[in-house]
Amino acid sequence: MSNRNFFLNVFEIISENGDKLLCYFIPQEVLNRIGSSRYAEIKSSLLNKDLIYAWINAEYLEFKPGIYVFSEEAPEVPYVEENVINEVHIGAKSYISRFLLRRLVEKKLLEKKDELGILYEGTRYGSPIYLRTNPIFVWKLKNLPIYEFYEEFTYRVEHVREMNTDRLFLLIDRSLRVTSKVCLKDLLSALSLDVNVLRNALVDIRVRVKQNDKFAIGVLSDVNIEQKTAHVNFGTYELKDVTFDNIFLPENPLWATRLFKFGGVEKQYEQMLNKYGELTLRTTYDQRLRRRVKMKDAPRRYFSHLKDLVNTIFQKIFPIKFQDVTYTLSDEPTTLNVEYSW
Amino acid sequence: MNIRFLDPTSLQLVFRTGETHLFPRRGLENYGPHESPSGENITIRFVYPKNYQTVVNKFKNVLESGGNRFPGFENVYRIPIELSDDIMLDHTEYRGIELPKKLAKAVEEDKEIANKPIYVIVVHPYPRWQKSSPYYVFKSHLLKFKIMSQMIRTDVLQGRNLDEVAYNVANAIFAKAGGKPWKLFTKIPSFSGTADLVIIIGFGLTRVPRDPAQRIFDRYAGYVIVMNEEGLMDHLKTFVTQYEKTVMRRKLIECIRDALNSALREHVENIDVIFHYSSKELSIEEEKSIKQLLEQISKDQSVKMNYAIIRIITHPLYRVFMDTDDGYPLMASYVEIGDRLLLIYTVGKLYEKITPLGVPRPILVSIRSSNIDIQEIDKEVFVYSVIGTARMNWRNTGIFNREPTTIRYARDIAYMVASFNEIVNLDPAYLPEEIPWFL
């Protein structure tokens with residue numbers, strides 16, 4: 001193993017033309033005196049002025065708790081007297097700069113979203129989620145799109161202090177998003193299926209239900225054949241009647257297996273699952289064995305997708321300039337040093 | 001940043017008469033389980049929807065007599081099984097919050113038996129948040145009489161290899177009957193380097209919503225699990241409290257106190273306690289309360305207590321790649337990121353040829369606090385505590401288990417105890433403390 005290289009999916013953010021950033025610090029003691037009921041107002045005041053800030057609640061490394069506002073002049077902050085705001089110079093790659101970089105990357109991505117072909121989708125576990133707007137693959141039946149497969153990605157800016165040296169990294173991850181596009185009404189009509197089939201195929205299966213332009217998850221409990229509605233359990237002890245045009249397939253294609261089997265499109269469905277296995281980097285179709293087998297080089301393929309993501313998205317938003325400092329992004333992922341403890 | 005590797009022999013598991021093997025299944029088949037339950041056999045009763053009779057019969061046959069990859073229950077666990085009469089239910093009998101009559105009648109009889117049967121119940125794949133899910137309804141009614149149950153989802157029975165399913169189900173049944181399939185070969189060492197006893201306390205706190213998909217919470221549910229240095233569960237306490245931080249904190253501390261008192265039943269002078277937790281709900285206040293409790297117990301019982309609280313993040317964004325044709329990172333490798341973060345591969349490539357499905361995801365550990373200086377701590381102990389407890393997941397007999405058992409079932413346990421409480425008013429204090437009923 002010693003002759004092998006190991007990589008981490010992090011790309012170093014390098015700073016040039018300066019190693020300090022000017023910011024203004026409001027100590028937490030001052031904020032405590034103001035009272036937590038006014039914190040929201042303070043935050044929105046900073047956001048409205050388009051100021052980037054980091055608010056830390058506990059002391060970390062050399063940083064005292066409080067708000068660090070990245071600005072070249074003292075900011076006006078509601079309830080905070082000017083004389084308690086201190087000018088400080090912090091390292092361009094310090095722990096606090098991590099919050100700055102995160103916001104700067106986010107701003108750049110949003111500015112260039114159309115050019116880059118991406119869509120902001122909110123956050124998951126505190127990290128922003130972006131979707132590439134062009135699907136990688138669309139599964140259609142009789143020209144009706146059933147499932148669309150998209151690449152989504154997320155990132156974090158991480159700070160590491162090793163041997164008294166601060167380093168910033170862009171940590172990038174990608175995954176697959178599947179969306180089901182067709183409602184039950186259209187699907188039944190396209191596959192020329194009888195409503196009765198739903199009883200055998202979808203009862204007790206999770207479905208997505210459109211309610212006022214939003215989707216809720218429910219479990220299809222029964223079907224009213226005359227009314228062409230389904231009883232859906234939304235997790236409480238009651239069932240609700242929902243019309244077929246508001247019921248969509250679950251996003252995991254594996255949960256609708258029985259429906260496609262009954263629909264006489266088993267072969268096409270199997271082909272879609274082959275593709276699904278490839279895109280999720282789990283299985284691949286073996287021509288000789290005529291079945292899906294475990295993908296043998298999943299991490300290698302993932303890594304190659306990641307490099308592509310860095311080249312086509314992240315390198316397009318760097319370099320990023322803030323005050324006098326220019327940040328660039330390394331082309332190559334970070335290499336790990338190999339050590340043995342046995 | 002450095003990548004390091006644990007010695008693969010430290011991953012071995014111990015089976016009957018102290019024999020060891022790296023793979024749970026091979027160990028069980030070659031040597032038998034580490035410890036058998038009391039009683040001469042294990043009784044099992046199947047409950048399933050009528051239209052699943054054919055597949056259930058096939059499954060029962062595999063469970064009893066074995067198949068291509070599963071040699072049969074008695075051959076693996078060295079104890080025979082006895083099948084009680086099946087209970088077949090109509091589709092409609094899976095609804096509501098009462099037990100169907102046929103099932104209730106069987107429970108009435110079984111609750112009086114000393115060697116109570118384990119109920120194997122086939123259910124549809126209901127989501128965790130569904131309050132009236134038969135998963136919760138059946139399990140809670142049975143646990144009221146200390147009857148264990150093992151659920152099998154219909155999609156699992158229909159879509160997966162029955163040998164594979166039978167192996168994992170058999171192992172969980174064996175554990176619920178009081179057996180101990182395996183334990184760790186390498187005991188979890190002392191991180192302080194001075195302790196004569198090491199325990200791991202896993203705990204979890206979950207906010208339970210009043211209604212599914214709503215962000216209005218009305219309860220906290222949590223648990224405290226104690227594992228000894230061989231990875232065996234010593235103690236499990238669960239609780240449900242009103243949605244009030246101070247009440248929840250008091251209950252959590254009470255459970256941790258019970259856990260520590262049970263670990264300190266025998267006299268020790270110097271103990272290491274590693275806390276594993278995964279939820280986001282642990283605030284500075286809870287951490288402070290835990291520290292105060294430890295100081296108090298240390299003083300009251302004249303024992304030197306070294307502790308470390310580590311947060312386990314099960315879905316970090318980090319991944320490691322090796323520049324080989326396949327790119328797989330190695331199982332039991334870890335990366336130290338700064339002073340307080342450890343990225344651990346509980347699953348990965350093993351012996352240059354065995355690989356998990358897909359791109360393996362590591363576990364990220366953040367060392368939150370300790371009463372020992374961070375530079376003095378042997379952090380590799382934390383790595384082993386995570387890998388070791390991941391290997392102690394008795395619900396999976398495969399080679400790879402990704403998440404430590406200390407936190408793996410956090411949300412499942414929380415939702416279960418909250419539902420049991422809601423459906424049959426089952427007090428969490430009544431749940432078994434020494435049997436892994438949550439598997």
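Reply: Chain B of this predicted model is divided into domain 1, residues 36–179, and domain 2, residues 183–423. The C-alpha centres of these two domains of chain B lie 29 Å apart. The contact between them takes 18 residues from domain 1 of chain B and 16 residues from domain 2 of chain B.

Now go to the core. The largest nonpolar core has 117 residues. Five residues have the most contacts inside this core: Phe59(B), Leu63(B), Phe73(B), Trp437(B) and Phe438(B). Domain 1 and domain 2 of chain B both give residues to this core, so the core lies between them.

What does Phe438(B) touch, leaving out residues up to four places away in sequence? The list is Ile225(B), Met233(B), Leu236(B), Arg395(B), Tyr409(B), Ile413(B) and Met416(B).

Next, take one helix of chain B. Helix H5 covers residues 134–143. Of its 10 residues, 9 are buried, so H5 of chain B is largely enclosed by the rest of the structure. The buried ones are Pro134(B), Tyr136(B), Val137(B), Phe138(B), Lys139(B), Ser140(B), His141(B), Leu142(B) and Leu143(B). What do these buried residues of H5(B) pack against? Three strands of chain B take part: E6 (87–89), E7 (118–123) and E8 (149–153). Helices H4 (101–110), H7 (162–176) and H12 (410–424) of chain B take part too.

Aromatic rings come next. A search of the whole structure finds 38 aromatic pairs over all chains. One of them is Phe260(A) with Tyr269(A). Their ring centres are 5.1 Å apart and their planes meet at 20°, so this pair is stacked. The cut-off for stacked is planes under 30 degrees apart. Buried or exposed? Phe260(A) is buried, at 0% relative accessible area. Tyr269(A) is buried as well, with 1% relative accessibility.

Chain A also holds an aromatic cluster. Tyr120(A), Tyr130(A), Phe153(A), Tyr155(A) and Phe314(A) form it.

Some rings have an arginine over the face. Arg208(A) lies over Phe215(A), at 4.1 Å from the ring centre. In chain B, Arg207(B) lies over the face of Phe217(B), at 4.2 Å from the ring centre.

Now two polar side chains. Glu336(B) sits in strand E16, residues 333–337 of chain B. Which side chains make polar contacts with the side chain of Glu336(B)? Arg4(B) is one, at 2.6 Å. Lys379(B) is another, at 3.1 Å. Beyond its neighbours within four places in sequence, Glu336(B) is in contact with Glu162(A) from chain A. From chain B, it is in contact with Met1(B), Asn2(B), Arg4(B), Leu341(B), Leu342(B) and Lys379(B).

Arg132(A) belongs to strand E8 of chain A, residues 127–132. Arg132(A) has a relative accessible area of 16%, so it counts as buried; buried means under 20%. Its side chain makes a polar contact of 2.5 Å with the side chain of Thr312(A).

Last, the backbone. Most residues other than glycine have a negative phi, and most peptide bonds are trans. A cis peptide bond joins Phe318(A) and Pro319(A), with omega at about 0°. Pro319(A) lies in the loop between helix H9 (298–312) and strand E19 (320–322) of chain A.

Gln323(A) is not a glycine, yet its phi is positive, about 50°. Gln323(A) lies in the loop between E19 and strand E20 (325–329) of chain A. It is buried, at 17% relative accessible area. Arg78(B) also has a positive phi, about 60°, although it is not a glycine. Its place is the loop between helix H3 (73–77) and strand E5 (81–83) of chain B. At 32% relative accessibility, Arg78(B) is partly exposed.

Methods
Residues numbered from 1 in each chain as written. Chains lettered and ligands numbered in written order. Predicted model: local features only at pLDDT ≥ 70, side-chain atom pairs only at ≥ 80, totals over all residues. Heavy atoms only, no water. Core = buried A, V, L, I, M, F, W, Y, C linked by side-chain atoms within 4.5 Å. Buried < 20%, exposed > 50% of the residue type's maximum accessible area, 1.4 Å probe, protein only. Domains from an automatic or database assignment. Contact = heavy atoms within 4.5 Å. Phe/Tyr/Trp six-rings, centres within 6.5 Å; stacked < 30°, edge-to-face > 60°. Lys NZ or Arg CZ within 6 Å of the ring centre and 35° of its normal. Helix = DSSP H or I, 4+ residues; strand = E, 2+ residues; numbered from the N terminus. Polar contact = N/O pair within 3.5 Å; in protein donor to acceptor, adjacent residues only side chain to side chain.
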